Every structure is written in structure tokens, then in C-alpha cells.
Amino acid sequence: MSTATAYQPTPAHQLRDTTSTRVETSLQNEVSPNGPVEAELAFYDPPKDGSKPYNYAGAWADNPPEGIPRNFGIDSHKVIIHDIRRHESEFNMDENAFEAHSNIPSKMSYEDWNDDSVIEKIYYPEVEKLLLEKIPGSKRIFLFDQTIRRPGTSRAPVQRVHIDQTAQSTAARVRHHLPDEADKLLQGRYRIINIWRPLNGTVLQNPLAVADSATVRDEDLIGVEHRYPDRTGETAAVKFNEGQKWCYWSGMGNEDRLFLKCFDSDATVGGKGRVPHTAFEDPRTPAGAKGRESIEVRALVFG
Ligand code: OGA
Ligand code: FE
């Protein structure tokens, strides 16, 4: 598990200080809001006509066949989002379906994120090694996808509560990527875990919120057809429920890694093994703060 880093909360009046340019610049670059915050999250609102929910993905995301990206809406709720900084070790994959790791070294430079081949050559082995080290029982890792998020691009932070995969789409992923071994692999334990980190230093805008899996009821998860041009996957949308405990990790930096478990075939783990998550607008974000850039790498974890 991670150890808490030295972290100095900044008094709110300093974040709003407009009298000193020098201090303000350094604050904007280095210090994020922290502590519990109330923010609005976008939950699931079912299609009005009672039809099954779907959205378009991949090459269809920007150009959906029916002219709409999805057939369901948003149900906004204000929730309290707790800060896990300094409480990192209280959360783990089996109980909560997320985990926070600090001080993880990487050879990647900022420019390297523009080159997929460098990401695969340098960053993928780092992620694989980290998972084998941090996930008890893991024996084999298959990294199958990555998304770089940058504000203003078609892959901007996602402000909609979701889970990337379901039981069905996880098994389909195993068959899709490892067809020859799938029968055997699906008999053992298999998980999908996202490894999330910022690319441009301390997150000041659109941090990622996660709902402790142990507080999320199965009834509040709705399978959504995830339609690509050549195949259909499945994600989950999430209904609001007052019992859900929401968390974020304030001030995440380039050396921090948040693990998000999307599915776990081991149904005996306490937290049920899936973590709803979403980017959110933090009302405390200083005006003009840099946008958040991040990468999530998606991993099949066997064993
Ligand atoms: C993810 C995810 C959204 C974001 O990592 O699976 O949904 O805004 N990320 O980074
Ligand atoms: Fe996601």
C-alpha cells in the first residue's frame, strides 16, 4: 500500500489571493483543493420510451449513426465527496474496488505521451510490473486499451457516473484478446483493472471521483450496450442512491496511480468488485487553473 506523502493543505484565502502573481502561479501549478467537497454528479436517467439503454463508441462516438450519442439522460445529484489523501491505506481492491498508490517512478516524459509506440514500449511494462507487485495473486497481465484524456478533445474527462465493463463484457474481452486460451483463463480468477494517472502534474480540475464498491447495490447498476461499428460491448450506468459513499484523491500527481477495478470474477470478495467513477467539477478549482490531462490503461488481470 501507499504511504501518505507530506501534504500541506492551503488555506482557502490563499487560493483566492489575486494580489501576488508569483504566489498565484505557483499555487495554480502545485496545490489543489483538498478535503471533503460537495459537488454535482451525473447519474443515470432511463430512456423515456422504456427502451434498452445504449451509447455509441469507438469510431461511432463522434459520428453516431442515429445522430445521438446515447438514448438515455442524466439525473444530477449533489453528493459529498470525501478526500482519501492521508487515508490511502484504508481502501483496497477486494473491499472497495479501488486503491491508491503513491511514489511510483516512471521513465515517461511529457512528450512521450504523444507517441503510442513509446507508451507501449516504456509505460506498458511499468504498469504490468506494478500490477504484478500490488495485486495479490496476480500471475498474468494483458493490457488491452488506453485512453488519454485532454480537455477540449473528443476524449475529454468523462462527467457521467459509469463502470467501464460488466461481467458479460469482461468475459467477451478475454475471448476477444486471448481466443486460444480463453476457455482455460475463464475458469480461473480474472479481473479488469484500470490504472489511472495524470500527465501534466497536480490535478486541479476535473478530479476523478469513485464510489466505494461496498456501498453500491447491484440494483443501482444498469447494463448499457456499448456499440462499436464492428462489435457491441457493455458498460454500466449507475443510479443515484443515498447509501453510496463517494471519494476522490486530492492533489493527484504524476507519480500517483489510482487503480479502478471494473470487474472481478471472484464473487466472494467483500466489496463486490466494481467501482463506479466519474470526473467532476470541483467548485473550489481556482479560476484559470490548467486542465487535467490523464491516461487510463486497461488491464486484464489473471490469477
Ligand atoms: C476511466 C475513466 C474518466 C476520466 O479511467 O475509466 O472513466 O475523466 N476516466 O478520466
Ligand atoms: Fe471509466
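Figure 1. Strands are DSSP runs of E with at least two residues, helices are runs of H or I with at least four residues, and both are numbered from the N terminus. The model is predicted, so that local features need pLDDT of at least 70 and side-chain atom pairs count only at pLDDT 80 or more, while totals for chains, interfaces and linings use all residues. Residues are numbered from 1 along each chain as its sequence is written, chains are lettered from A and ligands numbered from 1 in the order in which they are written, and side-chain values use heavy atoms, with hydrogens and water left out.

Figure 2. Strand S2 (residues 54–56) pairs with S9 in the parallel sense over 3 bridges; two strands count as paired if DSSP finds at least two bridges between them. Tyr-56 has Arg-227 of S9 as its bridge partner. Strand S10, residues 232–238, runs antiparallel to S9 and is joined to it by 7 bridges. Within this pair, Leu-221 has Val-238 of S10 as its bridge partner.

**Figure 3. The largest pocket and its lining.** The largest pocket holds about 1,100 Å³ of space. Its lining comprises 49 residues, and those nearest the centre are Asn-55, Arg-149, Arg-155, Val-158 and His-226. Two or more lining residues come from each of S2, strand S5 (140–149), helix H5 (167–177), strand S7 (190–198), S9, S10, strand S13 (277–279) and strand S14 (294–302). S10 gives the most, with 6 residues. By class, 20 lining residues are nonpolar, 16 polar and 13 charged. Nonpolar covers Ala, Val, Leu, Ile, Met, Phe, Trp, Tyr, Cys and Pro, charged covers Asp, Glu, Lys and Arg, and polar covers the others, Gly among them. On a 1 Å grid over the protein atoms alone, a pocket is an open set of points with protein on both sides within 12 Å along at least five of seven lines, a cavity is a set where a 1.4 Å probe fits but cannot get out, and lining residues have an atom within 4 Å of a point. Grid points are joined across faces, edges and corners, and a volume is the space filled by probe spheres set on the points.

Figure 4. Five strands form an open sheet in the order S4-S12-S7-S14-S5, with antiparallel pairing. Strand S4 (98–101) and S5 stand at the edges with a single partner strand each, so one side of each has no neighbour in the sheet. From one strand to the next, the twist averages 20 degrees. Inside the sheet, S7 and strand S12 (residues 257–264) run antiparallel and are joined by 6 bridges; Ile-192 has Phe-263 of S12 as its bridge partner. Helix H4 (residues 116–134) packs on the sheet and touches S4, S5, S7, S12 and S14, contact being heavy atoms within 4.5 Å. The direction of H4 makes about 125 degrees with that of S5. Axes are lines fitted to C-alpha atoms, for helices over the stretch in contact, and angles run from 0 to 180 degrees between N-to-C directions.

**Figure 5. The cavities.** A search of the whole structure finds 2 cavities of 30 Å³ or more. The largest cavity has a volume of about 100 Å³. It is lined by 14 residues, of which Val-203, Pro-207, Tyr-248, Trp-249 and Gly-251 are the closest to its centre. This lining has 9 nonpolar, 4 polar and 1 charged residues. The second largest cavity contains about 30 Å³ of space. Its lining is formed by Ala-42, Phe-43, Tyr-44, Phe-72, Gly-73, Arg-160, Val-161, Ala-237 and Val-238. Strand S1 (37–45) and S10 each give two or more residues to this lining, and S1 gives the most, with 3.

Figure 6. Arg-86, in the loop between strand S3 (73–83) and helix H3 (93–96), has a positive phi near 75 degrees. Its relative accessible area of 47% makes Arg-86 partly exposed, a class between buried (under 20%) and exposed (over 50%), computed with a 1.4 Å probe on protein chains only. Asn-103, in the loop between S4 and H4, has a positive phi of about 55 degrees although it is not a glycine. Asn-103 is also partly exposed, at 45% relative accessibility.
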